[in-house]
Amino acid sequence: MQEIRSAVELYAHAIAIERAAAERYAEFARFMADLGNPAVAGLFGHLAGLEAEHLAALLRRTDGVTLPQAPAASYRWLDSGAPETGARELIFRLMTPRHALEIALAAEHRAEAFFQGVFATAGDPALRALAQEMAMEEQEHVQLVEAMLARTPDANVDWAALYGAA
């Protein structure tokens, strides 16, 4: 993990994280609605709104501040290429609601771990407090995704277990 030494650096990374999450959750919400899964689509829509609110708040906090470039590619969920790549399209054709939730959960865990890492390594108490606030927001998202994941069946049938095969 890159060492974050200032609030300005942390804000730059947080903005990249929140922007990627807001975009992806909105995309996942549309996809789940198209699949006819209103419960998962609703969760992703809700999370897209939360992430967009966090992004807007971060942008307000940093209005007029020159931010360093954060590596936006580090925060992409699905690929590092353009959104219209064939691999991305294949991902969406094969993705089940459970897969989407697992992808979201992994992304939320990465974001939470990033902010917790800043909290653990920062020497400045104000930076630590800011990182802790951001980690707690991510933990709330982890809990929302975990709850939906617990209610979402796996579409893959374990035939061996079903028929008692070893």
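The following legends describe close-up views of a predicted model.

**Figure 1. Confidence along the chain of the predicted model.** The mean pLDDT of the chain is 86, and 81% of the residues score at least 70. Confidence is highest in helix 2, with a mean of 96. The lowest confidence falls in helix 3 (residues 86-94), where the mean is 60. Where pLDDT is low, the predicted coordinates should not be read in detail.

**Figure 2. The stacked pair of Tyr-25 and Phe-44.** The model contains 3 aromatic pairs. In one of these, Tyr-25 and Phe-44 are stacked, with ring centres 5.7 Å apart and an angle of 25° between the planes.

**Figure 3. The edge-to-face pair of Phe-28 and Phe-44.** The ring centres of Phe-28 and Phe-44 are separated by 5.3 Å. Their planes meet at 70°, so the arrangement is edge-to-face, the threshold for this class being over 60 degrees. Because Phe-28 lies in helix 1 and Phe-44 in helix 2, the pair ties together parts that are 16 residues apart in sequence. Both Phe-28 and Phe-44 are buried.

**Figure 4. The aromatic cluster of Tyr-25, Phe-28 and Phe-44.** Ring pairs join these three residues into a cluster. Phe-44 takes part in the stacked pair with Tyr-25 and in the edge-to-face pair with Phe-28.

**Figure 5. Arg-128 and the ring of Phe-119.** The charged end of Arg-128 is positioned over the ring of Phe-119. Its distance from the ring centre is 4.1 Å.

Figure 6. Thr-152 is located in the loop between helix 5 (125-151) and helix 6 (159-162). Its relative accessible area is 9%, so Thr-152 counts as buried, the limit for that class being under 20%. The Thr-152 side chain reaches the backbone oxygen of Met-148 at a distance of 2.7 Å. When neighbours within four places in sequence are set aside, Thr-152 is in contact with Val-40, Pro-97, Arg-98 and Leu-101.

Technical notes
Residues are numbered from 1 along each chain as its sequence is written. This is a predicted model: local features need pLDDT of at least 70, side-chain atom pairs count only at pLDDT 80 or more; totals for chains, interfaces and linings use all residues. Side-chain values use heavy atoms; hydrogens and water are left out. Rings of Phe, Tyr and Trp (its six-membered ring) pair if their centres lie within 6.5 Å; planes under 30 degrees apart count as stacked, over 60 as edge-to-face and the rest as tilted. Helices (H or I, at least four residues) and strands (E, at least two) are DSSP runs, numbered from the N terminus. Buried means under 20% relative accessible area, exposed over 50%, partly exposed in between (1.4 Å probe, protein chains only). A charge sits over a ring if NZ of Lys or CZ of Arg is within 6 Å of the ring centre and within 35 degrees of the ring normal. A polar contact is a pair of N or O atoms within 3.5 Å; within protein, one must be able to donate a hydrogen and the other to accept it, and residues adjacent in sequence count only if both atoms are side-chain atoms. Contact means heavy atoms within 4.5 Å. pLDDT is the predictor's confidence in each residue, from 0 to 100.
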